[in-house]
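Open the model in your viewer and keep the selection tool at hand. We will go from stop to stop, picking out a few residues each time.

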Amino acid sequence: MSGRSESSPPLDPESIAVHAGRDDDTSLAPPLYPTTTFRTPTVDDGRRMATDPSESRFYTRYGNPTVAAFEDAMARLEQAEAARAFSSGMGAISAVVMGLCSSGDHIVAQRQLYAGTQLLLQAHCPRFGIDVTFVDGTDPDAFAAAIRPGKTQLVLAETPANPRLDIVDLDALGSIKGPITVVDSTFAPPLIQRPLDHGVDLSLHSATKAIGGHNDATLGVVSGSAELLGWLWNYAVLHGANAAPFDSMNGLRGLRTLGVRLERQCATAQRLAETLEEHPLVERVCYPGLVSHPQFDLAKRQMTMPGGLLTFDIRGGIDAGTCFVEQVKLALMATSLGGPETLVTHPATTTHVGLLPDELSDAGIGPGTIRVSVGLEHADDVIADIVQALDAAARA
Ligand SMILES: *Cc1c(COP(=O)(O)O)cnc(C)c1O
């Protein structure tokens, strides 16, 4: 970062988010390089550039300066040696799985997962001869206990996890030796938690969500050691799910305001969670900032803030659940999270509709389960809207 000497005091991550990923260019906003390719100066340069994971001026599927600016910022925020951006969160997850695992390998993953990740592991890994064991992510010993020495290549966790915001003990996960450990930290961006600090090998985000933060960039990112990212790069350039320069520019734009957005979303989510706990139609509220959350203490230990997502169960089954999501007026019924607008989703009929009934209940999803991504509207308006929709569902 220009203007700061080696002896400057270390910056708070919120300040790093405002400045990281800006090189010596005098432009404050990242220059957008839509180009697919670059002039190669000499044959020797070309040979080197085609094999160097940190080269951003060879061919955009390999790397791109705008994408690299976002990757550099993410690596700094994660305190990682390197980061690689992808065209989506699933692009990142499938590249990690396919890039690091081979036929005959074994994966340990938690049962509570983003539905796309679960379907990839459950329906597609077996096609490639990769065996997957699902464990309870809230049991700190379950991951290690399921490891098959010499066979398990990857241990994959998500925390907080879809959709009930279960928390995985990052210290326990980070202490696992042998397999590569990966955490999908989408629900807790780098200002909230840093899995690598706990000894985890790879931290992964769908930057489509809070990092991009404006519902206008589809983007994924993986951070870790230069060695692991180099391995991943070898596959990623063939996998082809490279991040678009335009989306990377918007990902970087999102990082600039991540701190204030998270602070606001967490404050509103906390108030909303406490209000919902008192509502007669609400059976249960899951929010890591509530003392009633079964892992409240663990969340407090490893997260600086509880996040902008909460999940609750409405009494009255499918009718009450679907009535609620159709009755909200300010909040929007849409699938995603981490943006400016408060969004409500009914997982049983949307994100998790591909799951069988027993898989749904394993994932903790009932007919009245609602997930809320708290946005940036005034807290009073968000709470009033959710409460009026609940009252309408109660009358239905
Ligand atoms: C959305 C999401 C993904 C997938 O990200 P895309 O950008 O939609 O591909 C993965 N994991 C979690 C936890 C998510 O919320």
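## Stop 1: around the ligand

Select helix 4 (residues 89-100); with three residues, helix 4 gives the largest share of the shell around the ligand. Helices here are DSSP runs of H or I with at least four residues, strands are runs of E with at least two, and both are numbered from the N terminus. This is a predicted model, in which local features need pLDDT of at least 70, side-chain atom pairs count only at pLDDT 80 or more, and totals for chains, interfaces and linings use all residues. Residues are numbered from 1 along each chain as its sequence is written, and side-chain values use heavy atoms, with hydrogens and water left out.

Now show the whole shell. It has 14 residues, and the closest include Gly89, Met90 and Asp184. Sorted by class, the shell holds five nonpolar, six polar and three charged residues. Nonpolar here means Ala, Val, Leu, Ile, Met, Phe, Trp, Tyr, Cys and Pro; charged means Asp, Glu, Lys and Arg; the others, Gly among them, are polar.

Which side chain has an N or O atom 2.6 Å from a nitrogen atom of the ligand? Select Asp184 to find that pair. Next, pick Ser206: a polar atom of its side chain is 2.8 Å from an oxygen atom of the ligand. At Gly89, a polar backbone atom lies 2.8 Å from a ligand oxygen. The protein covers 92% of the 380 Å² of accessible area that the ligand has on its own. Such areas come from the Shrake-Rupley method with a 1.4 Å probe.

## Stop 2: salt bridges

Side chains of opposite charge can pair when their charged atoms come close. A salt bridge here is a side-chain nitrogen of Lys or Arg within 4 Å of a carboxyl oxygen of Asp or Glu. The count comes to eight.

Select Arg148 and Asp131, which form a salt bridge at 2.9 Å, N to O. Arg148 sits in the loop between helix 6 (142-146) and strand 4 (152-158) and Asp131 in strand 3 (residues 131-135), so the pair ties together parts that are 17 residues apart in sequence.

Move on to Arg194 and Asp197. Their closest N and O atoms are 2.9 Å apart, in another salt bridge. Are these two residues buried or partly exposed? Arg194 is buried, at 17% relative accessible area, while Asp197 is partly exposed, at 46%. Buried means under 20% relative accessible area, exposed over 50%, and partly exposed in between (1.4 Å probe, protein chains only).

Finally, select Arg48, Asp52 and Glu55: salt bridges that share partners join them into one network. Within it, Arg48 and Asp52 meet at 4.0 Å, N to O.

## Stop 3: the strands

Select strand 1 (residues 82-86). Five of its five residues are buried, so strand 1 is largely enclosed by the rest of the structure. Ala82, Arg84 and Phe86 point one way, and Ala83 and Ala85 point the other way. Two strands pair if DSSP finds at least two bridges between them. Ala82 has Gly224 as its bridge partner in strand 7.

Last, show the open sheet of five strands, in the order 8-9-12-11-10, with mixed pairing. Its edges are strand 8 (282-286) and strand 10 (332-333), each pairing on one side only.

Technical notes. A residue is near a molecule or strand if one of its heavy atoms lies within 4 Å of it. A polar contact is a pair of N or O atoms within 3.5 Å; within protein, one must be able to donate a hydrogen and the other to accept it, and residues adjacent in sequence count only if both atoms are side-chain atoms.
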